[in-house]
Amino acid sequence: MPNPLPKLDTLQTVELAEGVEIRLRMAGPLIRGYAFMIDLLIKGAILMGVSMLFEMVSFISADTFGVGLMLLSWFFISWFYHVLFEYGKKGATPGKRAMKLRVVQPSGASITFGQAVIRNFMRFADAFPSIMIPGGGMVIPSYGFALTACLLTKRFQRLGDLAANTLVVYDRPYMPPGVPRETKLKALRPSVSLSKEEESALINFDDRAGTWSQERRVELTDYLVSLTGATGATGMNKVASMAQWLRENR
Amino acid sequence: MNRNTFEITNRPKWQEFSLLLDDQDKRSPTMDATHLPHLFRSVCNDLALAEHRRYGHQLCGELNELVIRGYKHMHSAPATSWAGMTYFLAVQFPQLVRKEWKLFWVCTLSFLIPYLILWISGRYEISWIQSILGASGMTSMSEMYGDTDTSVHLRAEYGSNFMMFCFYIWNNVRIDFQIFAGGILGGVGTIFFLVFNGIHIGASAGYVDYACSPEKFYSFVAGHSSFELIGMVIAGIAGMKMGMAVLHPGRLNRSDALIKGGKESLPFVYGAAFLTTLAAVIEGFWSAQPIAPSIKYTVGGAFWALLIAYFLFAGRRYRAT
């Protein structure tokens, strides 16, 4: 095909040093927003707990020791919570893990400590523009820059991702639900020779056929009347048999 | 070979590989992993074959996942060692700062010029400083460095040394990180924070000359000023490396330049955080001690001389890396 169809999915193909291509499924801004919210709640909860603990320490010892520890933990949580979790073995903060995401290099490998530092320190820039709540003096980071960058780049990268050369992907690649066929069909050789794309379309149809209703299957195979020479259930069975033939002979 | 025989022949190998990876994910792996690389390459081969022969989503997806999991184990970054960190501080870091001497001066002057303007302006016209510090800023400056009684321990009313040390970490290291992060906005954020700090610190110094006890102020800042100011300038270099990657990518395209800029700015981020942490230690535990100002000035001067010598001479004998 001289002009391949534009891609509709969020899969990115990456070639590894081993010479093989893998597919990574990019995570969009919405699901990353959910993960961020969960992390925000966790960080808030930790800070609350730590504050209460150190307040008690200050109360008992009548010293400002507790205030110091509180400031220190505030500093570490706000700057290193994401860094340490993303550098860790799972490659994801608890929020990202809950959303089944992880941070990787474009090759799919785990990120280095330096990359974790860059992508998370850049959050400060990604969080712009801040929304000022009039009167209260509260400033809420809107993450507008991050969203804009995500929408303008092919791989949903915010500024921190661009600078650190990292991607946020789904931990497990998307697996279309497939239902194995109970009865073995008789193989049927396609009446014309098919291109590679057409062959894989037939096989993918048959892999997923179990997840659709009979009507839907027939509706789809009716388009293949020129290949099968039949419509309705007969046509559908013929397509399934051809897929079976392709499996056995290709 | 068709899809079914392919799957039947190779399935045991995939299962073995998957089990081995599960085991490696554990805290203390128990299985012998010496043939993991061999298995990994073999699974890579299977994936390539399956993709080429279009064996369908199910099989290709499964192999794809196996290869990604294997890749993560085969290509993980080596851990940093103490020796590496020492070498970084003793040799690489001063070398890198010398190499970026242009950006060093850009950042230094971005801070120094507004600082000097504000500081000197206090001798002629105090209203600039007054409007910058505001009423609350002036009150707190007077409380800290006022003429009242120089013998009073500075920390008596401002909390313990440890608390102040934590405060300086929280505040000053954070400022360094912000200076760095602001760089990605074309360097504007970096320059903004440097100029802002120059204005604010210059105004404070000018106000002390005007209304407080300069000796109290300068003997307080003498000890940690070298580490803190140079740390801030180095955070500025880190930010400007990012900024220059956006503004002037050279022969690279912008996204590659940004990645390169990010990598090259990291040593400066680490160095700035290190220097500013040292400054917080000194500021927390030394600067406010009731010690004669002459000793504080001597120590402060020695720190400045030491730090300048470090950046001028350390690591000269080693080849640049």
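How many of the 18 residues of helix 3 of chain B are buried? The model is predicted; local features need pLDDT of at least 70, side-chain atom pairs count only at pLDDT 80 or more, and totals for chains, interfaces and linings use all residues. Residues are numbered from 1 along each chain as its sequence is written.

In helix 3 of chain B, 13 of the 18 residues are buried, so this helix is largely enclosed by the rest of the structure. Buried means under 20% relative accessible area with a 1.4 Å probe, protein chains only. Helix 3 of chain B covers residues 57-74. From its first C-alpha to its last it reaches 25 Å, close to the 26 Å expected at 1.5 Å a residue. The expected span is 1.5 Å times one less than the number of residues. Helices (H or I, at least four residues) and strands (E, at least two) are DSSP runs, numbered from the N terminus.

In chain B, the axes of helix 9 (residues 214-247) and helix 10 (residues 254-285) come within 7 Å and cross at roughly 170°. Helix 9 of chain B is therefore roughly antiparallel to helix 10 of chain B (angle over 145 degrees). Axes are lines fitted to C-alpha atoms over the stretch in contact, and angles run from 0 to 180 degrees between N-to-C directions. Their contact has 20 nonpolar, seven polar and five charged residues. Ala, Val, Leu, Ile, Met, Phe, Trp, Tyr, Cys and Pro count as nonpolar, Asp, Glu, Lys and Arg as charged, and the others, Gly among them, as polar.

How values were computed
Chains lettered and ligands numbered in written order. Heavy atoms only, no water. Parallel < 35°, antiparallel > 145°, perpendicular 65-115°, else oblique. Buried < 20%, exposed > 50% of the residue type's maximum accessible area, 1.4 Å probe, protein only.
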